[in-house]
Amino acid sequence: MSGKKYLFTPGPSPVPPEVLAALGEPVVHHRSPDFRPVYERCLARLREVCRTERDVLLFTASGTGAFESAVANLVSPGEPQLVVSCGNFGERWAAMTAAYGAEVDHLRYAWGETPDADDVRARLRERPAKAVWIVHSETSTGVVTELPPFAAAAREAGALIVVDAVSSLGAVRCETDAWGLDVVVSGSQKALMTPPGLGLCAVSKAALAATGTSPRYYFDWERTRKAQASLDAAFTPPVSLVAGLDVALGLLLEEGLDAVLDRHIRLGRACRAGAKAMGLELFSPDEDRSAVVTAMRAPDGISSDDVVRGLRDRFGMTIANGQGDLKGKIFRLGHIGWFDVFDITSALAAVEIVLADLGADVERGVAVTAALEAYEHANVA
Ligand code: PLP
């Protein structure tokens with residue numbers, strides 16, 4: 001059908017009609033009674049979704065901007081920081097902390113590996129650090145790291161832990177307070193079902209007390225915290241996006257956070273089952289935690305560039321290519337936010353057709369059946 005588009009990337013992700021309707025409401029003034037209740041409710045809902053009693057600071061920025069707020073507030077030039085990376089985003093945080101003058105100890109895993117908390121423990125024994133910086137869901141590879149052991153390793157060493165939950169918040173369990181995560185960063189355009197443009201940062205008392213000497217103004221945590229406390233944003237917020245996010249968070253909480261996380265586990269299982277049924281090799285781990293994005297290798301002799309292009313040109317479907325050295329080798333189907341199993345089956349059916357056209361030996365129809373079965377019969381513990 002001409003013009004119909006499908007968004008199957010791990011962010012931006014599809015936006016529900018209720019949220020689109022809120023975005024289309026007339027613009028209100030941010031210091032008026034038309035906005036303050038929306039702002040207050042949105043901030044309260046954010047705390048619920050972040051599973052925290054603390055402040056969740058909201059910035060007009062993408063996830064990278066919210067992450068930069070953590071770097072600008074916590075890093076002082078010359079101070080040691082331990083950055084864990086296993087893909088594109090962890091490497092970005094190593095570069096960003098270095099750009100702020102940190103003494104970066106970069107614990108670097110190959111793309112696709114899963115970090116091990118014992119390595120962090122050993123590194124911190126050798127070289128204490130002010131904070132451990134880690135990615136929860138490494139969107140470039142599909143690896144989701146289990147956070148509590150890393151939080152424990154940081155705590156034992158007296159270090160803070162800063163978590164990039166940009167693609168995981170609202171898709172994979174992230175217990176900010178219960179797990180002792182000092183900073184949790186996310187963005188609006190992933191599992192929070194809102195267009196890009198809002199970044200957020202849940203910040204512990206310890207993190208607020210540990211701010212350093214890097215220059216900052218717009219991203220200064222204390223300025224934003226104080227302003228939010230009186231519902232008087234420090235700078236003009238994107239009122240329409242806040243209204244949209246408020247509705248999106250309401251939908252998420254209405255479904256129930258646990259139910260939402262279970263749905264993501266089942267979506268991940270369905271996507272992996274379908275990919276395997278058509279004979280594709282998974283690049284992302286075949287485990288329940290990997291519930292954000294499924295990365296699969298293009299069959300021998302076929303470039304994932306052609307798979308991505310084929311889906312877009314023939315079916316109006318946008319999926320993600322590999323990043324960095326993985327471009328051309330893997331392709332990624334995101335399944336976060338406003339997603340159900342029929343989004344997965346649509347994407348898989350199109351992948352089958354495109355791969356068959358590119359000469360791959362795939363049996364048509366098997367992926368859809370396997371995905372539906374895995375989704376229906378998945379018993380989430
Ligand atoms: N971290 C992760 C894990 C991501 O998936 C992304 C976005 O793809 C980012 C950080 C960067 O976020 P943004 O593109 O919103 O700046």
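Select helix α13 together with α10 (257-277) and α12 (341-357), which are among the elements that cover the buried residues of α13; helices here are DSSP runs of H or I with at least four residues, strands are runs of E with at least two, and both are numbered from the N terminus. This is a predicted model, in which local features need pLDDT of at least 70 and side-chain atom pairs count only at pLDDT 80 or more, while totals for chains, interfaces and linings use all residues. Residues are numbered from 1 along each chain as its sequence is written, and side-chain values use heavy atoms, with hydrogens and water left out.

Next colour Ala367, Ala370, Ala371, Ala374 and Tyr375, which are buried in α13, where buried means under 20% relative accessible area, exposed over 50% and partly exposed in between, with a 1.4 Å probe and protein chains only. These residues cover an arc of only 130 degrees around the axis, which puts them on the same side of α13; the arc is that of the directions from the helix axis to the C-beta atoms. An α-helix has 3.6 residues a turn, so residues three or four places apart point the same way. On the other side of α13, Glu376 and His377 are exposed.

Now bring α10 into view beside α13: the two pack at an angle of about 150 degrees, with their axes 7 Å apart, the axes being lines fitted to C-alpha atoms, for helices over the stretch in contact, and the angles running from 0 to 180 degrees between N-to-C directions. That makes α10 roughly antiparallel to α13, a label for angles over 145 degrees, whereas those under 35 count as roughly parallel, 65 to 115 as roughly perpendicular and the rest as oblique. The residues that make the contact include Arg263, Arg266 and Leu267 of α10 and Val366, Ala367 and Ala370 of α13, contact meaning heavy atoms within 4.5 Å.

**Loop residues that are buried**

Move to Thr176, in the loop between β8 (160-164) and β9 (183-187), which is buried with a relative accessible area of 0%. Beyond residues up to four places away in sequence, Thr176 touches Cys50, Arg51, Thr52, Arg54, Leu181, Val184 and Ala202.

Then select Gly322, in the loop between β13 (320-321) and β14 (330-334); Gly322 is buried, at a relative accessible area of 6%, and, leaving aside neighbours within four places in sequence, is in contact with Lys327, Ile330 and Arg332.

**Backbone features to inspect**

Arg51 has a positive phi of about 55 degrees although it is not a glycine, and is partly exposed, with a relative accessible area of 40%. Leu231, in the loop between α8 (221-229) and α9 (239-255), has a positive phi of about 50 degrees although it is not a glycine, and counts as buried at 16% relative accessibility.

Finish at Pro12, in the loop between β1 (6-7) and α1 (17-23), where a cis peptide bond joins Gly11 and Pro12, with omega about -5 degrees.
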